[in-house]
Amino acid sequence: MKRNSFLLQLLSVVMAATPAAGAAPDTVEEIEACVEANQPEGTSVQTIVVRSVNRVGSETEMRSKVYWMQDEDERSKVLMRFDAPPDMRGSAILLLEHDGRNDMFMYLPELRRVRRITTHMMQGSMFGTDFTYEDFERLQGMSDDASGERSPDGEAAGRPAYVIRYTPAPDSGSEYSHMISYVDQETCVPMRLELFEGGDRLRKVLEADPASLTKESTGWIARTMTMRDLRDETNTEMAIEELEIGVDLPARTFSQRSLARGN
Amino acid sequence: MERFADLVIRRRRAVILLVLALTGLAASRLVDFRTGAPRLVLDSSMDSLLPTEAESRLYYDRVRRLFGSDETLLLVARREAGIFEPATLEALQAATEAVEAIEGIHHVTSLSNAPILRPEAGDLVIEPLFDEVPRDPEVLRALRDEALDNPVFASGLLSEDGRATALVVVPLDMSAVEFEARALDRRVYAAAAAELDDVDLRMTGGAHVKAETSRFLLADLMLVVPLAFALMAVIALVTFRSLRGVGVPLTTIGIGVVWTLGLAAEIDPSLNIVTIAVPTLVLVVGFAYAVHVVTAYMEVLPEAGGSSPAAARAAVEQVGLATLLTGVTTAAGFLSLTTSDLGAIRQFGLYCAIGVATTMLATLTWAPAVLACLRAPAPDGKRTEERSGDRVGRLLRWLADFDERHRSAILRAGAVVGVLSLVGMSRIAVDTDLVTNFPRDAAVRRSFDAVNEWLGGASQLTVVLEADERDAFKEPANLAILEGLQARIDARPEVGSTTSLVDYVKLIHRGFRDGEADAYAIPASKALVSQLLFFGGSDELERYADSTYKETAILVRASTAGTGETNALVDAVESILEELPESIEGRVTGGTVLLARTSDDIALGQALSLSTAFLIIYAILVLLFTSFRVGFFALLPNALPVLVYFGALGWSGVPLNITTGLVACLVLGIAVDDTIHFLTRFNLDSKRLADERAGAKEALLHVGRPVTTTSLALCLGFLVLTFSSLRDQQQFGVLASFTLGVAWLVDLTFTPALAMGVRLVTLWDLLTVDLGKDPQHAIPLLRGLSRTRARIAALMMDIVEQPAGTRLITAGAKGGDVYVVLEGRLRSSVRRDGAEVLLNVHDRGDAVGEVGLVQGERSADVDCETAVRLLRFEPRDLERLRRRYPRIAAQVLANLNQLLARRLVTATSRVA
C-alpha cells in the first residue's frame with residue numbers, strides 16, 4: 001500500500017506542527033515525544049507545491065489542494081485535488097487510514113472513474129518525486145522498526161540540533177543502512193535527515209528551509225523542505241503555500257462520491 | 001657523437017649509477033614498495049576509445065544522465081522445461097534479492113520485482129508478477145500467459161517461449177577500474193548462480209564484456225611479456241653467443257620498459273586496452289637498438305685491441321648517430337598518433353614515443369657503459385660474421401650482386417606490389433568486435449551468443465526522440481508516431497526487441513480499464529495520458545521518458561556483434577528517423593553505437609596520423625639528406641611496407657579496427673629505422689668508395705646482418721602475440737610480423753636498388769665537410785656559390801686523398817675525372833725526349849684533368865708533391881648535380897667553362 005501510505009504520511013509530516021517542549025528533552029524518547037507531540041488535531045486545508053528537478057536540470061511542478069481531517073479514532077483522511085499541471089486538473093486522490101492498512105482511491109476525470117489502488121511495492125519514487133514511501137514513513141515517526149541512539153549534539157541549518165542515529169531493524173526491508181536526524185533544539189522541528197544506504201554511503205538528504213519556519217496556532221512548522229538524492233543527482237522541493245488549520249470540513253468530503261464529484 | 005661517446009665511457013660508473021637510480025625511481029611509480037600494490041592499473045573502459053569532447057560523446061553522456069546507463073549486466077536463466085515452475089521462480093526471486101544486496105548495484109529488474117498493473121476484483125493492483133510463488137500448475141500457467149501477454153516483459157525480461165528470463169542488473173555509476181577491482185560482474189554471477197543452480201545461467205552486457213576483455217588482456221600481458229623477453233634472450237644468445245650479448249640488450253630494454261611505464265604512470269595511473277600493448281612494443285623496438293650497439297661493439301673489439309672501453313666508445317661513435325636518427329624518426333611516427341581524437345590512441349602514440357626515446361637513451365648510455373665495464377672476452381680470432389660460418393655474409397654478398405644485376409626489375413616489382421596494395425586498400429572493411437575477439441570457447445562469447453539466441457539480442461541501442469515542447473510525448477499523435485517508429489525498428493531482422501513509452505502507456509491504459517482487450521491502445525487524449533502516467537507510472541518509466549516528456553527513448557535490443565553490423569543498423573534506423581515530422585528530432589546513441597561510429601573515425605584518424613607521420617618523417621629525411629628528391633626516395637622503402645600492410649588487410653579480409661589500425665604507424669616507425677641505418681652506412685661507403693653501386697653493396701654487407709637480426713627479433717617478438725587469447729592481439733602480432741618481414745625484404749632489395757642511383761648529401765656531411773677556408777672564394781670551380789651551396793656541390797662530387805709522391809694522372813691514359821686541389825700541391829709535367837718538363841704547380845683551388853674531361857685522354861702527368869686532398873668529379877657527377885641542384889650545377893658549369901676557356905687562352909698564348 002505504498003501510494004496511499006505515502007500520501008498519508010506526507011500530509012501528516014507537512015502538518016506536523018512542532019511546539020517546543022517545556023523542558024529540554026534529553027533522551028531519544030523525549031526528543032521523539034517532543035516531535036511526535038505535534039501531531040495536529042482536527043482539520044486543515046493547505047495548498048502544496050511540489051517542484052522536482054531531474055538529472056539534467058529540467059523542472060516539473062505539481063500543485064494541489066490538500067484537505068485533511070482526523071477522526072475520533074485519530075485516523076487520518078486526506079483528499080488531494082490537483083490543480084496543476086493543467087492535464088491533471090480535476091484529478092484527485094483519497095486516502096483513508098485504517099488499522100494496519102490504508103486505502104487509496106484515485107479519480108481520473110478523463111476516464112470518469114474512481115479506482116482503488118493497492119500495492120505492496122515499497123520502493124521507488126512517488127509521482128516522479130525524490131520521496132519514497134519509506135522516506136515518509138521515517139519522517140513521520142522515525143521509528144517503529146528503527147532503533148534510535150543519541151549522538152553528540154550538532155547543527156542543522158546553522159541552528160543547534162539534537163542528533164539521533166537510527167538503525168532499521170534487520171528484517172525491516174529498509175533500503176537504508178542507517179539514518180541521522182537533526183532535530184532543531186528550539187522548535188523540535190526535524191531540520192535535516194540524512195539517509196545512508198549500504199556501505200555507509202550518504203544517499204539522500206532532506207532539509208527544511210530555516211527561513212520557512214513559521215509559528216502557527218498549533219506550533220512551529222517548516223513550510224519548505226527539499227529532498228536531494230545524491231546518487232541520482234535530483235531533488236524535490238515541497239512547499240506549503242497556503243495553510244488553514246481548524247477549517248470546518250464535512251465528513252462527506254472524504255468519500256468516493258465526493259472524489260468523483262469534484263467537491 | 002664522439003664527445004658524447006667519450007663522456008659516457010669516461011663516466012661509465014656514474015652513468016650506470018644514474019641509470020639505476022632513475023630505474024628505481026620509475027619502478028616506484030609502478031609499484032608501492034611498502035605494500036607491493038601496483039600503482040599502474042588496467043582500465044578496460046571504452047571511455048578512452050571514445051572522443052571526449054565530440055558532440056556525439058557529450059550527447060551520449062547526456063542521454064545516460066537522462067535515461068540511465070546502458071552499461072548493464074544481463075543475467076539470463078534458461079530452463080528447457082520452462083522457467084514457470086515453483087523452484088525456478090523462487091530461485092529467481094532469491095537471486096534478484098541476492099544481486100540487489102551486492103554493494104555497487106543500483107538496482108535489478110526481473111520478473112520477480114518488475115511492477116505489473118493488474119485489475120483485480122474492481123481494484124487496480126500494482127505489484128510484481130508474483131509475490132509468493134504459486135504451486136498450482138494452473139495458476140503457474142496463467143502467470144506465464146500473463147507475463148507473455150505483457151509486452152514490456154516479453155520484450156526485455158522473457159523469451160517468447162517462456163524458457164528464458166533475464167535479470168537486468170544496473171550497477172552504480174563507477175569507473176571500469178573500480179568495477180573490475182570489485183569484480184562486480186563475477187560477484188553478481190556468483191550470487192545469482194548460488195540461487196539459480198538448476199538452470200543454464202549466462203551473463204552478458206557491455207560492462208561484463210569490457211571487464212572480461214580487461215581480464216584477458218591482463219592474462220595475456222602476464223604471458224606475452226615474459227615470452228617476448230625469453231625470445232629476445234634466445235635471439236641474443238644465438239646471435240652473440242655470450243652472456244654479455246644476452247644480458248646487455250635485455251637489461252637495456254628492461255630499463256626502457258620500466259622508464260616508459262614509470263612516465264606513463266605519471267601521466268595516467270591506468271593503461272587502457274590499447275596502451276597495454278606498449279610494454280611489448282617497447283621490448284621489441286628497444287631490442288633492435290641494443291642489438292645494433294652490441295653488434296658494433298663485437299665487431300670493433302678486435303680492432304680496439306680487446307679493450308672494452310675503446311670498443312664501447314667506437315660502437316657508440318659508429319651507430320650512435322643512426323640510433324639517434326632512428327629514435328627521432330620512430331618517435332615522430334608515433335607522436336603523429338597524438339593528433340587523434342581518441343584518448344587511447346593519443347596515449348598509445350605518446351607512450352610509444354616515450355618508450356622509443358627512453359630505450360634509445362638507455363641504448364646510448366646504459367649499454368655502452370656496461371659493455372665498457374665488462375672485461376673483454378678472450379679473443380677467439382673470429383669476427384662475428386665468421387662465427388656464424390659467414391653463411392649470412394655469403395647470402396648478403398649474393399643479395400648485393402642480385403640487387404645490382406636486377407636493379408630495374410626490383411624497382412618495377414616494388415611499383416607493381418605498391419599498385420596491387422593500393423587495389424587491396426580499396427577493399428578494407430572497418431569493424432571492431434569486442435565479442436568475437438574472445439576465443440570461441442570463452443564463456444563470455446558463448447553467453448553472448450546464447451543470449452542473442454534466447455532473447456533475440458544482447459546489444460543495446462537507444463533511439464532518442466526530442467520534441468520542441470514540454471509534454472509533447474503525452475500527445476496521442478506523437479505517441480502514434482513513436483509507436484510507428486518502434487514497429488519499423490522492430491521489423492529489422494537483427495532487432496530482437498524494442499521497448500518504449502508507448503508500451504507502458506498502453507499497459508497502464510489497459511490496467512485502468514479493467515484489462516479490456518481494446519484498451520491496449522494509445523489513449524485518445526493528452527489529459528488521459530498524463531493522468532495515467534501520473535497515477536500508474538513507476539520508476540521504470542524514467543528509462544523511457546524524461547520528467548518533462550519532451551524527450552523519450554526507445555530501447556532496442558539487437559543481435560549485432562561488431563561495429564560493422566551496428567553501423568548498418570544505426571544507418572537503417574537513422575534513415576527511418578529522417579521521416580519524422582519537423583517538430584521531432586530523432587537520434588541513435590549508446591555505448592555500442594558510439595564505439596561503432598568511432599571505429600570509422602579511427603580508420604580516418606589512422607589515415608590522418610599516417611599522413612602526418614609520413615610528412616614528419618619526410619621532413620626529417622629532407623632535412624637529413626638536404627634534398628626533397630632524395631627525401632622522397634628515402635621515404636619510398638618506408639612507404640612500401642605500409643602500403644603492403646593496408647593492401648594485405650584488404651586482400652585478407654582482416655578488418656581495420658582499433659588494434660590493427662595501429663600496425664601501420666608501428667611498422668612505419670620501425671621500418672624507417674632500418675632504412676636510415678642502411679642509408680647512413682650507404683652514405684659513408686659510397687663516399688669512401690666514390691661509387692654509389694659499390695657503396696650500396698658494401699652498405700648492405702655491413703647493415704644486412706644487424707637489420708636481419710633485429711627484423712627477425714621484431715618479427716618473432718610480435719609473433720609472440722599469437723599466444724594471446726584475444727583475436728585482435730593475435731592479428732596484431734601476425735600483421736606486424738608480416739609487415740616487418742616485408743619491410744626487411746624491402747630494405748635488403750628495394751632500398752639498395754634505389755640507392756644505387758642516388759648520391760646522398762646528408763646534413764651531417766654538409767655541416768662537417770672540410771673544404772678549407774672560404775671555398776667559394778678560394779676555389780674557382782665553386783666561385784659565385786654561397787658557402788652552403790659550395791658544400792653541396794662538393795658533396796655531389798668525391799673528396800679523395802693521395803699521399804705525397806704518388807702519381808695522380810698518367811699522360812696518355814684514358815680518363816675524364818677532374819681534380820680540384822683542396823689541400824696540398826700537385827705538379828703537372830710532360831716528358832720530352834725522355835726528360836720531364838714541368839708544366840705547372842697546382843695549389844689550393846687549381847683544377848687538373850679538365851682536358852681529359854673534354855677529350856677523354858690525359859695530356860700530362862700529374863703527381864702529388866705533398867699529401868693532397870682533392871675534389872674529384874666526372875661528367876656523371878655533373879649530370880647528377882644538374883638533375884638534383886640545377887641552379888648550383890649552372891654556376892659550377894659556368895665556372896668550369898671559364899676554367900676551360902682560361903686553359904685554352906693559356907695554351908694559345910704558349911703556342912703563340
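Modeller: B:Val464 stands opposite B:Arg587 in β12(B). This is a predicted model, in which local features need pLDDT of at least 70 and side-chain atom pairs count only at pLDDT 80 or more, while totals for chains, interfaces and linings use all residues. Residues are numbered from 1 along each chain as its sequence is written, chains are lettered from A and ligands numbered from 1 in the order in which they are written, and side-chain values use heavy atoms, without hydrogens and water.

Strand β9 (residues 459-467) of chain B pairs with β12(B) in the antiparallel sense over six bridges. Strands (E, at least two residues) and helices (H or I, at least four) are DSSP runs, numbered from the N terminus; two strands pair if DSSP finds at least two bridges between them.

In chain B, the order β10-β11-β9-β12 makes up an open sheet of four strands with antiparallel pairing. β10 and β12 (584-589) of chain B stand at the edges with a single partner strand each, so one side of each has no neighbour in the sheet. On average, neighbouring strands of this sheet are turned by 20° against each other, direction ignored. Helix α21 (residues 563-577) of chain B packs on the sheet and touches β9, β10, β11 (551-558) and β12 of chain B. The direction of α21 makes about 175° with that of β12(B). Contact means heavy atoms within 4.5 Å; axes are lines fitted to C-alpha atoms, for helices over the stretch in contact, and angles run from 0 to 180 degrees between N-to-C directions.
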